[in-house]
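Please open the model in a viewer and follow the selections below in order.

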Amino acid sequence: MTAQRSWALAFVLTAASGTSAAAGDVVPIEFWDRPRTGRAVLEQPAIGEAVRTHLRQEGSRLVLHHGPTQDSRVLADELRAWLMALALEAPRITLRNDLKIAEPLRIEVIGK
């Protein structure tokens with residue numbers, strides 16, 4: 001692991017540790033109404049809890065469940081990009097189109 005990647009991962013762990021308890025695995029639609037930053041992404045309870053759990057479980061994967069619409073796919077892609085920018089490994093983040101149209105994006109941690 002490079003020094004830059006190690007620093008970024010340390011930032012993720014530090015920032016994520018300050019989030020509140022999880023509010024389930026749903027990323028509320030209101031989250032997308034505001035400008036986003038790395039800190040805002042990790043402070044969203046469902047995301048912060050999933051990231052902490054994912055980092056504690058070696059070999060786990062994050063699954064971003066989204067609906068069938070283009071808008072839902074764009075939100076899932078954006079969240080994946082934010083997670084990668086925060087030093088999470090791209091191959092361990094999967095998008096899954098398995099929700100109904102009206103359902104909000106969900107984030108799930110899958111163990112080995």
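Begin with Arg36, which is partly exposed at a relative accessible area of 22%. The model is a predicted one.

Next, select Arg106 and Asp25, which form a salt bridge whose closest N and O atoms are 3.1 Å apart. Because Arg106 belongs to strand E3 (residues 106-110) and Asp25 to the loop between helix H1 (3-17) and H2, the pair links parts 81 residues apart in sequence.

Move to helix H3, where Glu49 and Arg52 are three residues apart, about one helical turn. Glu49 is partly exposed at 24%, whereas Arg52 counts as buried at 13% relative accessibility. Salt bridges with shared partners join Glu49, Arg52 and Arg56 into one network.

Now display the largest nonpolar core, which has 19 residues; Val27, Ile47, Leu79, Leu83 and Ile107 touch the most other members. H3 supplies the largest share of this core, four residues. Centre the view on Ile47: beyond four places away in sequence, its contacts are Val27, Phe31, Val41, Leu79, Leu83 and Ile107.

Finally, select Phe31 together with Trp32; both are buried. Their rings form an edge-to-face aromatic pair, 4.9 Å centre to centre with 80° between the planes.

Conventions: Residues are numbered from 1 along each chain as its sequence is written. This is a predicted model: local features need pLDDT of at least 70, side-chain atom pairs count only at pLDDT 80 or more; totals for chains, interfaces and linings use all residues. Side-chain values use heavy atoms; hydrogens and water are left out. Rings of Phe, Tyr and Trp (its six-membered ring) pair if their centres lie within 6.5 Å; planes under 30 degrees apart count as stacked, over 60 as edge-to-face and the rest as tilted. Buried means under 20% relative accessible area, exposed over 50%, partly exposed in between (1.4 Å probe, protein chains only). A nonpolar core is a set of buried Ala, Val, Leu, Ile, Met, Phe, Trp, Tyr and Cys residues joined through side-chain atoms within 4.5 Å. Helices (H or I, at least four residues) and strands (E, at least two) are DSSP runs, numbered from the N terminus. Contact means heavy atoms within 4.5 Å. A salt bridge is a side-chain nitrogen of Lys or Arg within 4 Å of a carboxyl oxygen of Asp or Glu.
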